[in-house]
Amino acid sequence: MAQKTLTDGTSTGAVEAPDAPSAKRWWILAVVAVAQLMVVLDATIVNIALPSAQADLGFSDGNRQWIVTAYALAFASLLLLGGRIADLFGRKTAFLVGVVGFAAVSALGGAANGFGMLVTARALQGAFGALLAPAALSLLNTTFTDARERARAFSVYGAIAGAGGAVGLLLGGVLTDAFDWRWTLYVNVLIAVVAFVGGWMLLTNHRDAENGKLDVPGTILVAAGLFSLVYGFSNAETHDWGSALTWGFLTAGGLLLAAFAWWQTRAAHPLLPLRILLDRNRAASFLAVLISAGGMFGVFLFLTYYLQLNLGFSPTKTGVAFLPMVGALMVAAQLGTTVLLPRIGPKVAVPLGFAVAAVGMAWLTGIGVGSSYVSAVLPQLIVTGIGLGLVMPASMQLATGGVTAEDAGVASATVNAMQQVGGSIGTALLNTLAASAATDYLAGRDATSKLVQAQATIESYTTAFWWSAGMFAAGAVIAFLLFRRGVPEQDPEAAPVVHM
């Protein structure tokens with residue numbers, strides 16, 4: 001600690017050295033990682049439990065998708081608001097309120113006695129997750145000021161963000177098989193206790209934008225725009241792209257987001273300052289997160305169906321089958337952020353990751369009705385995991401790096417929004433393409449034959465995998481064109497340490 005002395009000799013008291021790292025930073029990373037895991041798990045952990053929940057509560061197939069969609073709608077539409085609240089009122093407050101709220105509504109969902117109660121709990125989970133996720137990510141951005149340590153911290157965070165979906169499938173399968181579907185929600189209470197105690201002990205409520213004000217018109221415009229966009233893509237799964245609900249909401253979402261962008265150029269206290277988007281590397285990183293999230297659903301969603309329905313895997317065995325991909329992703333995350341990015345820069349590292357992931361997905365299209373997991377799935381999963389591990393953590397680090405501390409929360413929220421919107425777009429697009437491929441294959445064939453039906457499902461999966469490979473290939477080209485050459489410089493003024 002240093003004393004700041006005025007010209008008249010009086011002392012202002014202790015002032016923390018701006019470059020002094022927090023002694024508790026690695027413990028803070030552990031707490032943030034636990035909280036982020038809780039949020040990411042819920043994007044997939046309930047999926048495997050849905051058949052059991054549907055049988056128990058008796059809701060229809062048409063309503064089933066809303067258990068997943070309600071979470072995505074609330075999460076995506078409120079993320080920027082959650083990020084700005086963290087900047088204005090303090091990250092510790094936002095973090096702890098998000099953790100407690102998430103745990104409480106998870107318990108509500110676990111105790112649900114009907115469809116309405118469960119879907120309400122899922123929507124509230126998304127709302128509290130929208131407060132928690134940007135607060136957690138912005139804490140990393142402001143806690144780790146050393147470039148090498150910051151890269152290591154973001155490799156851990158990015159690995160969790162990329163692999164959390166697969167971990168959710170594993171944990172969901174284990175809990176459903178061993179206990180009951182309700183434990184896929186109750187487990188959040190146990191995780192939240194650890195995150196809350198750690199956050200309460202380690203964090204202080206430092207506010208970097210305490211003199212700012214909340215942009216109410218901007219909040220309404222972006223929340224409504226993101227809601228419409230995610231709802232439109234989600235609606236395409238159950239209807240079609242020509243449905244008035246689909247294109248109507250997509251059009252409304254585009255117009256509302258355009259109005260939001262216009263308003264941000266005129267607002268005195270913008271919700272999303274455009275200076276965050278105008279940096280070339282940051283804009284490229286946002287797009288990389290969007291594309292990688294969209295393509296990842298080709299792995300998690302359709303491969304889950306293939307393993308269970310075609311290869312006869314149990315929910316638990318399905319989750320275990322994804323673990324090699326998780327391991328590959330985590331190793332590549334460390335390599336990408338601590339070795340490749342500092343040496344060759346994002347213009348090479350991120351497109352390389354996308355290209356590797358595209359190869360893995362294209363290779364996965366070789367599956368058949370009687371394929372072996374060891375030869376037709378395992379190597380491909382490892383290759384795809386390596387590719388995503390090079391893309392996700394590096395993109396998240398670059399997307400939040402270089403912003404001032406007062407914008408850390410909203411920049412972090414934008415990363416999460418890109419991931420959520422990308423996932424929604426990927427799910428809707430791939431589902432629609434897969435369903436069309438199955439229908440086209442059945443045309444002119446005996447649709448009552450089990451062999452024909454099985455092959456139709458293979459056609460739907462491989463179509464989704466090809467399109468995922470195409471997304472990753474497009475991501476490689478876009479990343480190569482948009483990222484600047486060279487290694488990004490660490491701005492010592494950009495992310496001052498949080499006062500612990």
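Which residue lies over the face of Phe313? Select Phe313 and look above the ring: Lys317 is there, at 4.4 Å from the ring centre. The model is predicted, so colour it by confidence before going further.

**Confidence**

Across the chain the mean pLDDT is 79, and 85% of the residues reach 70 or more. Select strand S2 (residues 11–15), which has the lowest mean pLDDT among the elements of the chain, 39. Helix H14 (residues 346–364) has the highest, 94. Then select residues 1–20, where pLDDT stays under 50 and the model has 25 contacts beyond four places in sequence. At residues 491–500 pLDDT also stays under 50, and the model has 34 such contacts.

**The nonpolar core**

Next, show the largest nonpolar core, a set of 131 residues. Helix H11 gives the most to this core, with 13 residues. Phe95, Leu303, Phe322 and Phe354 are the residues with the most contacts inside the core. Centre the view on Phe95. Leaving aside neighbours within four places in sequence, Phe95 is in contact with Val31, Ala35, Leu132, Ala135, Ala136, Leu139, Ala195, Gly199 and Leu203.

**Helix H7**

Two of those partners of Phe95, Ala195 and Gly199, are also among the buried residues of H7.

**Helix H3 and Ala70**

Move to helix H3 (residues 61–89) and pick Ala70. Is Ala70 buried or exposed? Its relative accessible area is 11%, so Ala70 counts as buried. Beyond neighbours within four places in sequence, Ala70 is in contact with Val119, Arg122 and Ala123. Draw a distance from Ala70 to Val119: the two are 6.4 Å apart, C-alpha to C-alpha, and 49 residues apart in sequence.

**Aromatic pairs**

The whole structure holds ten aromatic pairs. For one of them, select Tyr231 and Phe249, whose ring centres are 4.5 Å apart and whose planes are at 55°, so the pair is tilted. Tyr231 belongs to helix H8 (residues 216–238) and Phe249 to helix H9 (residues 244–264), so this pair ties together parts that are 18 residues apart in sequence. Tyr231 counts as buried at 16% relative accessibility, while Phe249 is partly exposed, with a relative accessible area of 26%.

Phe313 lies in the loop between helix H11 (280–310) and helix H12 (315–321), and Tyr373 lies in helix H15 (residues 373–376), so the pair ties together parts that are 60 residues apart in sequence. Phe313 is buried at 12% relative accessibility, and Tyr373 is buried with a relative accessible area of 17%.

**Last stop**

Where does the charged end of Lys347 sit? Select Lys347 and Phe480: the charged end is over the ring of Phe480, 4.7 Å from its centre.

Key:
Residues are numbered from 1 along each chain as its sequence is written. This is a predicted model: local features need pLDDT of at least 70, side-chain atom pairs count only at pLDDT 80 or more; totals for chains, interfaces and linings use all residues. Side-chain values use heavy atoms; hydrogens and water are left out. Helices (H or I, at least four residues) and strands (E, at least two) are DSSP runs, numbered from the N terminus. Buried means under 20% relative accessible area, exposed over 50%, partly exposed in between (1.4 Å probe, protein chains only). Contact means heavy atoms within 4.5 Å. Rings of Phe, Tyr and Trp (its six-membered ring) pair if their centres lie within 6.5 Å; planes under 30 degrees apart count as stacked, over 60 as edge-to-face and the rest as tilted. A charge sits over a ring if NZ of Lys or CZ of Arg is within 6 Å of the ring centre and within 35 degrees of the ring normal. A nonpolar core is a set of buried Ala, Val, Leu, Ile, Met, Phe, Trp, Tyr and Cys residues joined through side-chain atoms within 4.5 Å. pLDDT is the predictor's confidence in each residue, from 0 to 100.
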